[in-house]
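Dear colleague,

I am handing over the structure below for your files.

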Amino acid sequence: MTGEWEYAKKTKLAILYILNDFCQGAEHWMMTNLRPEGSDSYGAVQGGRLLCAVAVSYSLIRTADIFSEEERKRFYAMAEFLLRYMLDLRDRTEWTPEEAQSGCSNWQTDMCAGVGYLMMALPDFPNRHIWLNNANTVLLAQLKLKVNHDGSWPESIRYHHAALERFAGYAKVLKKATGENWFETTPLGDMFRYAIEMQTPGYGYFGGRIGTPPFGDHALGDGEEFGYFPVFIPEIAERNPKLADRIRAVWTAAGTPAKRLWGESIVLENLMVSATSSASSSPCLLNSTADFPDAGIYIFRRHSGKQTSYFAIMSSPRPIAHGHLDQGSFILYAGSVPLVMDSGIEGYFDSSTSWHICSYSHACVQFAAKKNYVPASRIEPINLSAGTFSLERGWVDVPRTSQVLEVRFEEKWESIKIEIANPKGTGRHIRSVVHIEELDIYLIRDEIKEYDGKMLFSLPVAALHSHVDGSYIQAECSYGMVLDAVFLSGVDSIVIDRGRSTPFFPGEDSQVSYMHYIRAVADAANGFLTVLSPRHGEEPEIKVIWEPDGSVCLRTVHGAVRLEPAYYWRTDAARGLLTCMKPSLSEATTHEAG
């Protein structure tokens, strides 16, 4: 690339050294079915990523003719060994697309991409075309059959970004090598659109940069996940200039990040970005959306100047790979500050993993456990289970799927209604959320049907200080924000405890954050009716006024709204949340708070 022989020599030595090390780790794993010294770094998926980096590095020094014959034979022998760790020579072109991608996940994406990258870099490799065609067949089948209709990859957002980065990188190289343009013939554009629409508001703790909601195996961060976006702007712009502009705007909002440099990185992509990409001066403004039902994420947005209110709730019709037990849980920003948040995940080898996966760490409602017996958890080196964390505390984890009954976006309010089954017996939980935009308050109605017992309501708040006063909770959060929470329904108890999360707000420890968990217990017959009212610290708290006719007036600095008795008082004749909200709002007097 630069014509400097010394750098070509160093690259050659690095390739030979890394492949030698990895082949030993791969052999250990295949022979013993154990991670070498407990390290996850020698798995087949990591091998695929490594081969991508090796292929690009080799392509930059190939014309230097720097490999001796002995070194070349050694290089090819190690490559052959790892190719069979990734794939095999059975002819995938004779298979149907359904057969080619059956049982595949993001693991096979990385593995097949590594095979394809390397074969495009080694034109004289034995059986090169068979290896390349097999990799192409699997990857193309994944793109056409595995990607959801809404453009989401059927795993958590973190893995959507990982899969998209790999698919797009492969498509870019394939277009250069063969002329085949997957940016035109596959859902790659839709995958970019999904990643764009999920973004969270720019947040001061991360330097004002955007991120993505940490549902499932993910963590709220500083926008690093968008570092690969500008690499593919030229290819996207050929077909969809508007989408390319949005990609550039999102990358800019993320702080124009570069891709992280580590053992599996392709350095050339960062060089391509620095040479061709510039920041955007036009922001990417997004609205509320229900366009991603397969991903199971529904978003309410409200813009006020440079600050954004953001509410995202999880309800997936099918299990999400690398997802958590979080159906009906939500996150909430006000003033571009996260107030209610998902704890994310710290790692697969950490003792905290069961906590992060289980429902007890999420903004969920849980049914009481019917049994006191707690089975012993089997300890594994890698932890992908919620274990018995919730059960040990007397509560049942929510299921992996739920059903959205209704979503509405009206002029002054937006709402969603979700049904979640009791996975351990009879009972249904109906969670309804209404966001009254003018007041920026959230009304959350949790109704329990066909079940007689206790229920637990949990709300993880990014609070520095909080206190309970009867049914009213005030949580003082970072950057001058406060969250008022009020239970309008009767509850047996309200307590506040603390739970760890990935670091995302100021605290005593820079390596971990501790959220305040508001936990309320109530009879299923009462359910929960909760008001969440975010505000700036200098603004007065929400006022709840019980009227003689049984209605309730909620007053904030922005105005007031009156709730009919049928809204909060559960009787057989009570109307549902969504059916009564529209007349309630139209009949209410909304005015400046005095």
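In this message a residue is called buried when its relative accessible area is under 20%, exposed when over 50%, and partly exposed in between (1.4 Å probe, protein chains only). Please note that this is a predicted model, in which local features need pLDDT of at least 70 and side-chain atom pairs count only at pLDDT 80 or more, while totals for chains, interfaces and linings use all residues. Residues are numbered from 1 along each chain as its sequence is written, and side-chain values use heavy atoms, with hydrogens and water left out.

Two glycines in loops

Helices (H or I, at least four residues) and strands (E, at least two) are DSSP runs, numbered from the N terminus. G151 is found in the loop between α6 (128–146) and α7. With a relative accessible area of 1%, G151 counts as buried. Contact here means heavy atoms within 4.5 Å. Neighbours within four places in sequence being set aside, G151 is in contact with H160, D190, M191 and Y194.

G328 sits in the loop between β4 (307–314) and β5 (330–334). Its relative accessibility is 2%, so G328 is buried. G328 and A363 are 35 residues apart along the chain, and their C-alpha atoms are separated by 7.5 Å. Apart from its neighbours within four places in sequence, G328 is in contact with I313, M314, A363, I420 and R431.

Salt bridges

A salt bridge is a side-chain nitrogen of Lys or Arg within 4 Å of a carboxyl oxygen of Asp or Glu. A search of the whole structure gives 30 of these salt bridges. One of them joins E71 to K12, with the closest N and O atoms 3.1 Å apart. This pair links distant parts of the chain, since E71 belongs to helix α3 (residues 69–86) and K12 to helix α1 (residues 5–32), 59 residues apart. K12 is buried, at a relative accessible area of 7%.

A further salt bridge is formed by the side chains of D110 and R49 (2.9 Å, N to O). Here too distant parts of the chain are linked: D110 is in helix α5 (residues 106–121) and R49 in helix α2 (residues 44–61), 61 residues apart. Both D110 and R49 are buried. R49, D110 and R166 are linked in a network of salt bridges.

R193 is partly exposed, with a relative accessible area of 28%, and D291 is partly exposed at 42% relative accessibility.

A buried glutamate without a salt bridge

E225 lies in the loop between β2 (209–211) and α10 (233–239). For charge, Lys and Arg count as positive and Asp and Glu as negative, while His and the chain ends are not counted. E225 is buried but has no salt bridge, and the nearest side chain of opposite charge, R209, is 8.9 Å away. A polar contact is a pair of N or O atoms within 3.5 Å; within protein, one must be able to donate a hydrogen and the other to accept it, and residues adjacent in sequence count only if both atoms are side-chain atoms. The side chain of E225 makes such a contact with the side chain of T212, at 2.5 Å. Leaving aside neighbours within four places in sequence, E225 is in contact with H161, G211, T212 and H218.

Helix α11

The expected span of a helix is 1.5 Å times one less than its number of residues. Helix α11 (residues 241–253) has 13 residues and should therefore span 18 Å, which agrees with the 18 Å between its end C-alpha atoms. Its buried residues are L243, A244, I247, A249, V250 and W251. Just after α11, G255 takes a positive phi of about 90°.

Cysteines

A disulfide is a pair of cysteine sulfur atoms within 2.5 Å. A search of the whole structure finds 0 disulfides. For C23, the nearest cysteine sulfur is that of C52, 16 Å away. C23 is buried, at 11% relative accessibility.

With kind regards
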